[in-house]
Amino acid sequence: MDDQQVKFYQVGSFAVGNRLLDGGKHTVQADRARSNSLTSGHRACQGCGEALGARYALDAAMRATEGRLIAANATGCLEVFSTPYPETSWQIPWLHSLFGNAPAIATGMAAALKVKGRSDIRVVSQAGDGGTVDIGFGCLSGMFERNDDVLFICYDNEAYMNTGVQRSGATPPAARTATTEAVGAEPGNVFGQGKNMPLLAVAHEIPYVATATVAELHDLERKVEKAMSFRGARYIHILVPCPLGWGSATSDTVRLARLACETGVFPLFEAENGEITATSKIRHQVPVEEYLRPQGRYKHLFTPTPRPEILKKIQQLADRNIARFGLLAGSDEAELVGAEGS
Amino acid sequence: MMQKPFAITLDVGSSLANKTGSWRVERPVYVDRMPPCNDGCPAGENIQGWLYHAEEGDYEAAWRGLVEDNPLPAICGRVCYHPCETACNRAKLDEAVGIHGVERFLGDRAISQGWHVTVDRPPSGKRVLVVGSGPTGLSAAYHLALLGHAVTIYEAAPAPGGMMRYGIPKYRLPRDVLDAEIEAICSLGIRLELEHPVGDVVEEMQDGSYDAVFLALGAQLSKRAYIPAADSARILDALSFLASSEDGEPPRVGRRVVVYGGGNTAMDSARTAQRLGATEAVVVYRRTRAQMPAHPVEVEETLAEGVKMTWLSTISRVEDGKIVIEKMVLDETGFPQPTGEFETLEADTVVLALGQDTDMSAIAHMGDMSVRDGVLQVDDDMMTGHPGIFAGGDMVPAERTVTIGIGHGKKAAHSIDAWLRGERHATVARHELATFDRLNTWYYSDAPKTVQPELEGIRRRSTFDEVVGGLEADNALFEARRCLSCGNCFECDNCFGVCPDNAVVKLGPGLRYSFDYDYCKGCGMCVTECPCGAIVMEPERV
């Protein structure tokens, strides 16, 4: 079956599976024998994007390493909901670290495996956005700098959800959290603060950096698989909508992740050794309002008084991403970030 | 040494002990909805169902699914006005799926490959007479034969097919295709008696000891209009004009032909006249183009062949070599009114295509038959006022198309079957319609409709070769794969993938999925991400 025919099949290559494709072209998730690294019975909220993203990423890593994978996991939602004593949802070797030292723990694992001559066993370290961009940042930067053989995955739900939705360095402007209330002249999180962690990782010039979302499974799995083909420090930043913290419908998790990409709010790209090598194009561009309106954390932008000037500022940020990363089809001459620093 | 998986040291319990299904207030449930194509098909085809097989390239399975409802796919793929495509949800994305092209491909393939159906039911011992071998009669005969009844068809004409042979020109329906599908139906053990006009239905029923009769006489009489005409004027009625170009001497039409009327028969007459040598064919219709009863596709094709149309005009009189027409205007109610303005058109021949009536002489004497507005009244089971005599097609109240006739034939066959057993045919409740807003179209990639190759316009005008070409195997597959499978699972694995709780069980090819309600938390993500809208949330029973 050639590519042309596949492209024009009912759902092209966007759905999880496709009964008309041969097995080799299926996603890992379409496989009944997928490892289900994070299995049922976990205590994540209904519609949890992080639980979904973790299974997507780790199942793909499990396939890429033929099941020889160890994970270190920072404190956070993912750790709390998956391992209340004496239960565990992990079907892979898994170790809980402190909130801030998951990269260092992973470094130790990689070093130990090296000493034992077990280069076949690979290490993944994972954390939420708080454990990555704030509390774990020092350890992570060190891990990057030493180029330790670890894939670090950040599941970004844009705030400290586990402790009650406090602002993190990954919380976007105007979003309401418990610590950035929707009050005053500039309600919600302030503009001009926070960290762009994927670009910080690029700036470390590590072998591989990528962003992904739970809405683009084929893209996510490809990036995880690609990451496992490198040795050294690698970083994948996955956007995982949080119905609780975002005030969104539990059924809208994947939809919101998709809208984050289609608006330009969350650019999908890959970088190798400090250079951006690929960006995913927007298929159907939509204004940011479509992404913001379904989320309770942005409710103050619409009621009781509409705040078009804030919407405009958010749109400008999205437009900047679109121009910066060349997210529209045909815009290959993008102003790439790697060039900016030089 | 403990038997533990690699690098596992502690004895821990699995979270599988924690049945998170207890959190749920709503549960997802798989459903099948009525795709709009199926909903719109007068023959009751399960279009989405047979396209599903065609998508895999299993054309025989697709054809078998198709002929469960319609025994004439090669014909319908050519002449049906495809209300399925008018209803198709894909039209809101790019263009409707070219269902008729795939249907025709399957029908042609069955003819060339010799696929055929067989009667699996044991003989019922009942004898049923079908009067008329048009699409309605053939469809009824086919379904009655499959239900195990002994079927005889009486046909007044020398060849079977009814209007498909004597009304639809060859350039729309080649006769080898017509003959092949009729022959396949008759090979089910149906007895076909040609040149057997029925004078009195009740008599025929008794003479042949039939247990039931299905009347599908069609509408064979051209309506006439009084038009003052010179003795030398050449005026033909459309049906005999079309029929005589089918068998025997084609009529001589002269250089200029005027066709009076705005229906499909008028279009066919004008196109046929050009093929018979007329240099100019003009359609005269008393209302506007928008009000023409002809199907837009036919109007389009007719205009493309160079036929001229004079709308808002009536013929006042026919003289030698010319006609006088009066211009009309529409009044507030949309009805044409005369203006008193006249024009002259050259015309060697005038063809009247003003509609058709049924010859009711076979039932005229029966007191329990009710004919109103020229059509025979039937009940919901297609039974006339006379017990055991059913009727359908052009002679009963309905739009007059091949496909509606086929639908009538199928429905009547099931009603007759039930009636012969002293029962009533139970109709299955329809599923809720799979509307466009229930789809998640993000998952469907863009695909343009395969354009059927059309013969050069100039070539159409000179021959009776078929105008619209068929699809080939690979573009038929392509077209089938444009189907969105509205409202019916096509196993894309999305629900299986997007569940954060692994609560969807994939059952394997053709078996779809089930929910593991022990763990499903009821987030509803599977519903939102199902491309075709085949999952709904239902309140949890407390």
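How many disulfides are there over all chains? The count comes to zero, where a disulfide is defined as a pair of cysteine sulfur atoms within 2.5 Å.

Before I continue, a word on conventions. This is a predicted model, in which local features need pLDDT of at least 70, side-chain atom pairs count only at pLDDT 80 or more, and totals for chains, interfaces and linings use all residues. Residues are numbered from 1 along each chain as its sequence is written, chains are lettered from A and ligands numbered from 1 in the order in which they are written, and side-chain values use heavy atoms, with hydrogens and water left out.

For B:Cys486, the nearest cysteine sulfur belongs to B:Cys483 and is 6.4 Å away. B:Cys486 is buried, at 9% relative accessibility; buried means under 20% relative accessible area, exposed over 50%, and partly exposed in between, with a 1.4 Å probe and protein chains only. B:Cys520 is likewise in no disulfide, and the nearest cysteine sulfur, that of B:Cys499, is 6.4 Å away. B:Cys520 is buried too, with a relative accessible area of 7%.

I turn now to the backbone of chain A. Two cis peptide bonds may be noted here. One joins A:Tyr85 and A:Pro86, with omega about 5°, and A:Pro86 lies in the loop between helix H3 (77–82) and strand E2 (87–88). Helices (H or I, at least four residues) and strands (E, at least two) are DSSP runs, numbered from the N terminus. Another joins A:Thr303 and A:Pro304, with omega about -5°; A:Pro304 sits in the loop between helix H11 (288–292) and helix H12 (308–325).

Which residues have a positive phi without being glycine? A:Asn36 has a phi near 50°, and A:Glu158 has one of about 70°. A:Asn36 belongs to the loop between helix H1 (3–8) and helix H2 (49–64) of chain A, and is buried at 18% relative accessibility. A:Glu158 is in the loop between strand E5 (150–156) and helix H7 (197–203) of chain A, and counts as buried at 8%.

Finally, the second largest pocket. Its lining consists of 34 residues, with B:Met34, B:Gly44, B:Asp69, B:Lys410 and B:Val428 nearest the centre. A pocket is an open set of points on a 1 Å grid over the protein atoms alone, where a 1.4 Å probe fits, with protein on both sides within 12 Å along at least five of seven lines; lining residues have an atom within 4 Å of a point. The largest share of this lining, five residues, comes from H14(B).
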